[in-house]
Amino acid sequence: SLVVNEDMVMGVRGGRILFMEPKDKLDALLCSFEMDKENLMTLEKNQFIIPGFVDSHAHAPQYTFMGTGGDLPLIPWLQTYTYPTETLLNTDDSFARDVYEKCVNRTLRNGSTTVSYYATISADATRILTDVIECQGQRAFIGKVNMDTNSPDDYVETLEESVKETHRFVEDILARKNPLLTPCITPRFAGSCTHELMEDLGKIARGHSLPIQTHISENRDEVKMIADMFPQAKNYTDVYDRAGVLGDKTILAHGVYLSDEELQVIGERGSGISHCPNSNFTLKSGILDVRKVMNAGIKLGLGTDFAGGHSPSMLDAIRRGVTAANTLTFSQRSDQGQLELVTYKDLFRLATLGSAELMGISDQIGNFEVGKQLDALVIDPEVDQSPFDVFSTDSREDIIQKFLFVGDDRNIVKVFVNANQVV
Ligand code: GUN
Ligand code: FE
C-alpha cells in the first residue's frame, strides 16, 4: 500500500538508509549515529521524496526513433524500423554513443534510477552503453541482444558467435565490479533464437547467477509465428521452459496473450512479467489483464519498452497502466461480479517495488525500508512552470496523485542513485 510519512528525517550512510524517524528526534539521531548537521538536506514546503522509478524493460538503441514508427504492428515494425536502426548503432560507435548518452540522460531526468536495458548484438557496441550508464551513475541491467535465426542478413549471429560475444559482454561488466551494473542475458525473443542458443544462454545465466530478459506473447501474429516455429512446444511459455530460461530472475516483457496454464508455469518457475502498456497500445498489441496477473501471485513490474512505447517516462507508464486497466473494466468483471479496480497506487507500486521484485533486487531498492540503498527523487509540485497547481484543499495524497497523473520531469528536481545525486 501507499504509505505517506510527514515531518520525517531520514539518515543515509554509505548509500544505505540508516533510519527514518519523526523529525523531532533529529538531534538525538545525529548524536547517536555520529552524524554532522552540516550535511543535512532539507525539503521546501510541499516538496516530497519518493523511491526512484524502476523501468523493467527498455531498448536503448530504439531511443533513436522514439515517437515515430507507430503505424505498424510488431512484426513489420521490427523489420521496418527496429532492425535497421539497431544495425546502424551496432556498427557506428559515435552514433551509438550520442544516442546512448541522450537516452540515459533522458531516463535519469525522468526519474528512472534503475533501468533494464536491451542494447544490440555486439559485445563491443554494448560496452558503449555500459560506459555511458556507468559515467552517468544509473543503476542498470544491461543486455547484449542474442539473435541467431529469422533475422536480417546484416543483423544476425551464428550460434557460436552469439555465445562467445555473450561471454565477452558478461566478463566486461563483471570486471568493472560496479555494484550498480548487472549483465542480463538477453535472448531477443523465441522468434530470433534457435532452441540450441536459448539452451546455451540459460546455462550461461545459471553459471553466473545472472538475470535473463526476453519478450513473450506480445502480439497475436507473434504467438502464431512462435507456434509455427516450435511445433513440439505446448505453447509460447513452453518454448522458454524447455530451453531452461525460466528461472527466478527471468523478466518476461508483455505476456498479453498468456493462458492460465502458462501463467501457472511462469509462477512456479519464479519468473515474472514486465507490463508495458504504452508499447501495447502504440503497436496495437493488446491489453494485459494486470489484475489477473496480480491475483495469480506472479511477480509483476512496469516498463516503458521504448521505442515500442513512445515515452521514456515511468509516469507515462503509470498513466497508461491505469488506462489499460480501466479499459478492461468496461468489459470484464471479477468472478464475484464485482469490479476489482486497479488504481494509481497499484501502478505506482509496480513502477517501484514491483519492478524491483521482478528484477530480483527488492532487497536493495524499491522503497525506503531501512537497510536498502537510497534511490530517490525529490519532487517539487510548485516548481516554476509546473504542469499542475496545488491548492489549500489538497491533501498530501492529492498532491502525490496530481504529480503521478499530471506531473513531468520539471517536477523531478533532484535524482539520487545509491545516495549520489545524479540529476
Ligand atoms: N519482440 C522482439 N523484439 C522486440 C522489440 O524490440 N520490441 C518489442 N516491443 N517487442 C519485441
Ligand atoms: Fe521490448
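Predicted model: local features only at pLDDT ≥ 70, side-chain atom pairs only at ≥ 80, totals over all residues.

Reply: Start with strand E11, residues 250-254, and strand E12, residues 272-275. They pair in the parallel sense, over three bridges. (Two strands pair if DSSP finds at least two bridges between them.

Residues are numbered from 1 along each chain as its sequence is written, while chains are lettered from A and ligands numbered from 1 in written order.

Step back to the whole sheet. It is open, has four strands and runs in the order E10-E11-E12-E13, with parallel pairing. E10 and E13 are the edge strands, and each of them pairs on one side only. From one strand to the next, the twist averages 30°. (Angles run from 0 to 180 degrees between N-to-C directions, and axes are lines fitted to C-alpha atoms, for helices over the stretch in contact.)

Ser 217 sits in the loop between E10 (212-216) and helix H7 (220-229). Its phi is positive, about 45°, although Ser 217 is not a glycine. Ala 307 is in the loop between E13 (299-302) and helix H12 (314-331). A cis peptide bond joins Phe 306 to Ala 307, with omega at about 10°.

Next comes ligand 1. Which residues surround ligand 1? The shell consists of His 59, Leu 74, Leu 78, Thr 82, Arg 188, Phe 189, His 215, Glu 218, Ser 279, Asp 305 and Gly 308. (The test is a C-beta atom, placed from the backbone, within 6 Å of the molecule.) Helix H2, residues 74-91, gives the largest share, three residues. By class, the shell has three nonpolar, five polar and three charged residues. (Ala, Val, Leu, Ile, Met, Phe, Trp, Tyr, Cys and Pro count as nonpolar, Asp, Glu, Lys and Arg as charged, and the others, Gly among them, as polar.)

Compare a second open sheet. Its four strands follow the order E3-E14-E15-E16, and the pairing is antiparallel. E3 (48-51) and E16 (420-421) stand at the edges with a single partner strand each, so one side of each has no neighbour in the sheet. E15, residues 412-417, is joined to E16 by two bridges. In this pair, Val 417 stands opposite Asn 420 of E16.

Finish with the helices. Two packed helices are described by the angle and the distance between their axes. Take H3 (residues 93-109) and H4: their axes come within 9 Å and cross at roughly 40°. On the H3 side, Asp 93, Ala 96, Arg 97, Tyr 100, Glu 101, Val 104, Asn 105 and Leu 108 make the contact. They meet Ala 125, Ile 128, Leu 129, Val 132, Ile 133 and Gln 136 in H4. (Contact means C-beta atoms, placed from the backbone, within 7 Å.) This contact holds nine nonpolar, two polar and three charged residues.

H4 (residues 123-136) also packs with H5 (residues 159-176): the axes come within 9 Å and cross at roughly 20°. H4 is therefore roughly parallel to H5. (Under 35 degrees is roughly parallel, over 145 roughly antiparallel, 65 to 115 roughly perpendicular, the rest oblique.) Ala 123, Thr 126, Arg 127, Thr 130 and Glu 134 of H4 meet Glu 165, Arg 168, Phe 169, Asp 172, Ile 173 and Arg 176 of H5. Here the count is three nonpolar, two polar and six charged.

H5 packs with H6 (residues 195-208) too, at about 20° with the axes 10 Å apart. H5 and H6 are therefore roughly parallel to each other. Leu 159, Ser 162, Val 163, Thr 166, His 167 and Val 170 contribute from H5. Glu 196, Leu 197, Asp 200, Leu 201, Ile 204 and His 208 contribute from H6. Six of these residues are nonpolar, four polar and two charged.

Terms used: Contact = placed C-beta atoms within 7 Å.
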